[in-house]
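Please look through the sequence and the model shown here before reading on.

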Amino acid sequence: MLTKSSQLYEKTHAEMQVKVKATSAVCLTTDCWTSITMNSYMAVTCHFITLDFQMTSCLLDCFSFTERHTAENLKGELLRIATEWNLQEKVVAVVSDNAANITAAIRLTGWRHVPCFAHTLNIVVREALQ
């Protein structure tokens, strides 16, 4: 028997799958981070415009990332998630920070990489203040 939260997750997941399936193009965003307890995580979010012209975003996956953060491993996870959501041919760009490993991973998928403006601005301001 599913709990209320499990039922809500399943309902929301199914609704998002219908919306994502109906769209012709998506942009992904991704980030990796390490928690205070030294556990690594990766998240991938999808952004698109619905048929009724509503900007929509949804978290596709957020998971513990125990492998080394190599370009090949990151590429594998990006492709796994895109495949699970049937997005392989719909991705027009992926936004991420400027780290060499994720930039290379996105390039290896054949998708266009767009550097995160906020991350880039943060780097510029930090360097200017030093």
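Throughout this account, a contact means that heavy atoms lie within 4.5 Å. In that sense Cys-46 touches Val-26, Cys-27, Leu-28, Thr-56, Ser-57, Cys-58, Leu-60 and Leu-87, when residues up to four places away in sequence are not counted. This is a predicted model, in which local features need pLDDT of at least 70 and side-chain atom pairs count only at pLDDT 80 or more, while totals for chains, interfaces and linings use all residues. Residues are numbered from 1 along each chain as its sequence is written, and side-chain values use heavy atoms, with hydrogens and water left out.

The protein contains 4 helices and 5 strands, where helices (H or I, at least four residues) and strands (E, at least two) are DSSP runs numbered from the N terminus. Read along the sequence, these elements follow the pattern α-β-β-β-α-β-α-β-α, and the C-alpha trace spans about 55 × 35 × 30 Å along its principal axes. Of the contacts in the protein with a separation of 6 or more, 43% are between residues 24 or more positions apart.

The 5 strands form an open sheet with mixed pairing, in the order β3-β2-β1-β4-β5; two strands count as paired if DSSP finds at least two bridges between them. At the edges are β3 (55–64) and β5 (113–115), each of which pairs on one side only, and the twist averages 25° from one strand to the next. Helix α3 (residues 100–109) packs on this sheet, where it touches β1 (26–34), β4 (91–96) and β5, and its direction makes about 175° with that of β4; such angles run from 0 to 180 degrees between N-to-C directions, the axes being lines fitted to C-alpha atoms, for helices over the stretch in contact.

Strand β2 (residues 40–49) runs antiparallel to β3, to which 9 bridges join it, and it also pairs with β1 in the antiparallel sense over 8 bridges. On the β1 side, Thr-30 stands opposite Val-44 of β2, and the hairpin of these two strands has 5 residues between them, with Met-38 taking a positive phi near 70°. On the β3 side, Met-42 stands opposite Phe-63, and Cys-46 has Cys-58 as its bridge partner. The hairpin of β2 and β3 also has 5 residues between its strands, and Phe-53 in the turn has a positive phi of about 65°.

Because 8 of the 10 residues of β2 are buried, this strand is largely enclosed by the rest of the structure; buried means under 20% relative accessible area, exposed over 50%, and partly exposed in between (1.4 Å probe, protein chains only). The largest nonpolar core has 26 residues, and those with the most contacts inside it are Leu-28, Cys-46, Leu-60, Leu-87 and Trp-111; such a core is a set of buried Ala, Val, Leu, Ile, Met, Phe, Trp, Tyr and Cys residues joined through side-chain atoms within 4.5 Å. At least two residues of this core come from each of α1 (4–22), β1, β2, β3, α2 (71–84), β4 and α3, and α2 supplies the largest share, 5 residues.
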